[in-house]
Amino acid sequence: MMKLVHFEEALRLRLDRQPFQPFVIEMEDGRRFEIRKKKDLAYWIGDEAMYGEPGNGWEWLNRDDVKQIVDLPPAPPPGSGSSGMSRESFEETLRTLMHRSPFQPFVIELATGERIEVDAPGSMAWNGGAAACITAAGEPVFFQFEDVGQILPQEAGIAP
C-alpha cells in the first residue's frame, strides 16, 4: 500500500515529465497497468486514479491497492533499429523463451507500441533477424529484430 503523499508525488512527477515517459502502476494483487500515454490515466485526485484502455472502459485505482509505480524504458522510434538487441541476441532470446520447460507465455512489444502475445511454444518461427508469429486469433504477424522495443514476461506485458 502506498502512502497518499507518495502516490500523489509519484503520479505528478511522471505526468509532468517532459518528454513523457511510460510507467507502470503495479497493484498489490499482481495486476499491472501500463501508462503509455498521459491520456491512459484520464483523471486522478487524492488517493485514486482513473485508468482507461481503448475499448475496455475505465477502472478506478485506489492508492491502498497500489504496490508501486515504476518507470518503463522508452521504446525506440519505429524503424530506428535501436532496440538494443543485435540480431544474434534477438534470436537467442527467442530461442531461450520458446524452449523453456514448461513453456511460459511472453509479449513482444514492437517500437510502434503494438504488442504480440506469444502464448504457445509452436506459434513462432525466426531466422536471419526476421520473425513470424501466429496470434491466438490465428493471425500471422511478421517483424524484424529492428522493430522490437522489448520482450517481456506475460505477467509484465498485458494488464488483465
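Among contacts in the protein chain between residues at least 6 apart in sequence, what percentage join residues at least 24 apart? The share is 56%. Keep in mind that this is a predicted model.

Let's start with the overall build. The protein chain holds three helices and twelve strands. Of its 160 residues, 38% count as buried. The accessible surface comes to about 8,800 Å², and carbon and sulfur atoms account for 54% of that.

Now for the sheet. Strands β8, β7 and β12 line up in that order as an open sheet, with antiparallel pairing. The edges are β8 (115–118) and β12 (148–153), each of which pairs on one side only. On average, neighbouring strands here are turned by 20° against each other, direction ignored. Strand β7 (residues 106–110) runs antiparallel to β12, and five bridges join the two. If you want a spot to look at, find Phe106: its bridge partner in β12 is Pro153.

How far can you trust all this? The average pLDDT for the protein chain is 80, and 83% of the residues score at least 70.

| Element | Residues | Mean pLDDT |
|---|---|---|
| Helix α3 (lowest) | residues 154–157 | 53 |
| Strand β10 (highest) | residues 130–134 | 91 |

Over residues 156–160, pLDDT stays under 50. The model still has twelve contacts beyond four places in sequence for residues 156–160.

Conventions:
Residues are numbered from 1 along each chain as its sequence is written. This is a predicted model: local features need pLDDT of at least 70, side-chain atom pairs count only at pLDDT 80 or more; totals for chains, interfaces and linings use all residues. Side-chain values use heavy atoms; hydrogens and water are left out. pLDDT is the predictor's confidence in each residue, from 0 to 100. Helices (H or I, at least four residues) and strands (E, at least two) are DSSP runs, numbered from the N terminus. Contact means heavy atoms within 4.5 Å. Two strands pair if DSSP finds at least two bridges between them. Axes are lines fitted to C-alpha atoms, for helices over the stretch in contact, and angles run from 0 to 180 degrees between N-to-C directions. Buried means under 20% relative accessible area, exposed over 50%, partly exposed in between (1.4 Å probe, protein chains only). Accessible areas come from the Shrake-Rupley method with a 1.4 Å probe; for residues, only the protein chains shown count as cover.
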